[in-house]
Amino acid sequence: MRVLVTGGAGFIGSHIAERLVRDGHQVRIVDNFFSGHRENLAGFADRIELVEGDIRDLALLTRLCEGCELVYHEAAVVSVPYSVEHPQETHDVNIQGTLNVLLAARARKVRRVVFACSAAVYGEDPELPKRETMAPAPIAPYAVEKITGEYYLGVFHKLYGVETVSLRYFNVFGPRQDPRSPYSGVISIFVDRLLAGQVPTIFGDGQQCRDFVFVENVVDANLLAGTVPAAAGRAYNVACGERTTLNQLLAILAKLCGREVKPVYAPPRAGDIRDSLAAIDRARSELGYAPKVGVEEGLRRLLEHERRAR
Ligand code: UD2
């Protein structure tokens, strides 16, 4: 089948696109290269249709949806702090862009749209694990934008019959995650520092926890979300369902690198939530999702990939 991946040159989008190509699908990518990179497509660039363009352009999206059965909507401004600094811009991309994807999908009779949502929608309610039945409590523009996108999906499903699935990603990590921005994920930053022989900084006491999930598991969840009939109109947490503290994370990385690492501890980062952990029962029972790559194995694969790339 023909599939459109928005943000297909980005960290997660490129992994989804690569798997789809490997499975024999015709893949069309649209990316404006704001945070995507052509290098992310190395190895399969000759087997995709790549269009440089922006999801704020409804006419373009409508053309790109022509002949597509499925859309994976991964394009977004993905940074919480950036959304705090530039709420108008992130609104335009993350809300208007998502609405455009849905309008284009409806106009071109795309069967299903799978949306990259975020654990950010849960906000700072301390109750763990996070379940999809909990009320969203956004505390940043980014979270407002992601939950609004999800609400739009629900409405397009109910009103217009577009099949929609929203995947609430927790802390995704893996190859191609850019460590060079101040908004990068902690694992990409730690691995970059360790391989450069530098000392990582832990903000806070390191006892805060996250539900880190290797990107291949996220790809699995997306493929299931694209095919399982009962998923239409639903939202799912995508995570490992396990908590890892930052101190544990660094200890695992140090062990895998075969050396002792003493981090620098700095004051907690403003606006951070303390702990995060997902319940993944719904994704397990309805999608048949199971995280195949655990955190430690994912970290081993990431290190191996980064060592080879240097
Ligand atoms: C994640 C998502 C974000 C949003 C948010 C919702 C990523 C990359 N970000 O942000 O998009 O969904 O969850 O809650 O997945 N830290 C250090 N040292 C560093 C960098 C970070 O100690 O050099 C700490 C940081 O203070 C935090 C933890 O690591 O306690 C995780 O930080 P993050 O930026 O990787 O991800 P998070 O959970 O803030």
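Which of the 19 residues around the ligand come nearest? In this predicted model, they are Ser118, Val186, Thr201, Arg210 and Asp272, where a residue counts as near if one of its heavy atoms lies within 4 Å of the molecule. Residues are numbered from 1 along each chain as its sequence is written, and side-chain values use heavy atoms, with hydrogens and water left out. As the model is predicted, local features need pLDDT of at least 70 and side-chain atom pairs count only at pLDDT 80 or more, while totals for chains, interfaces and linings use all residues.

The shell around the ligand is made up of ten nonpolar, six polar and three charged residues; here Ala, Val, Leu, Ile, Met, Phe, Trp, Tyr, Cys and Pro count as nonpolar, Asp, Glu, Lys and Arg as charged, and the others, Gly among them, as polar. At least two residues of this shell come from each of α6 (186-195) and β8 (201-203), helices being DSSP runs of H or I with at least four residues and strands runs of E with at least two, numbered from the N terminus.

Turning to polar contacts (pairs of N or O atoms within 3.5 Å), a backbone N or O atom of Thr201 sits 2.7 Å from a ligand nitrogen atom. For Phe203, a backbone N or O atom is 2.8 Å from a ligand oxygen atom. Of the 740 Å² that the ligand exposes when taken alone, the protein buries 86% (Shrake-Rupley method, 1.4 Å probe).

Elsewhere, Thr245 belongs to strand β12 (residues 244-245).

Methods: A polar contact is a pair of N or O atoms within 3.5 Å; within protein, one must be able to donate a hydrogen and the other to accept it, and residues adjacent in sequence count only if both atoms are side-chain atoms.
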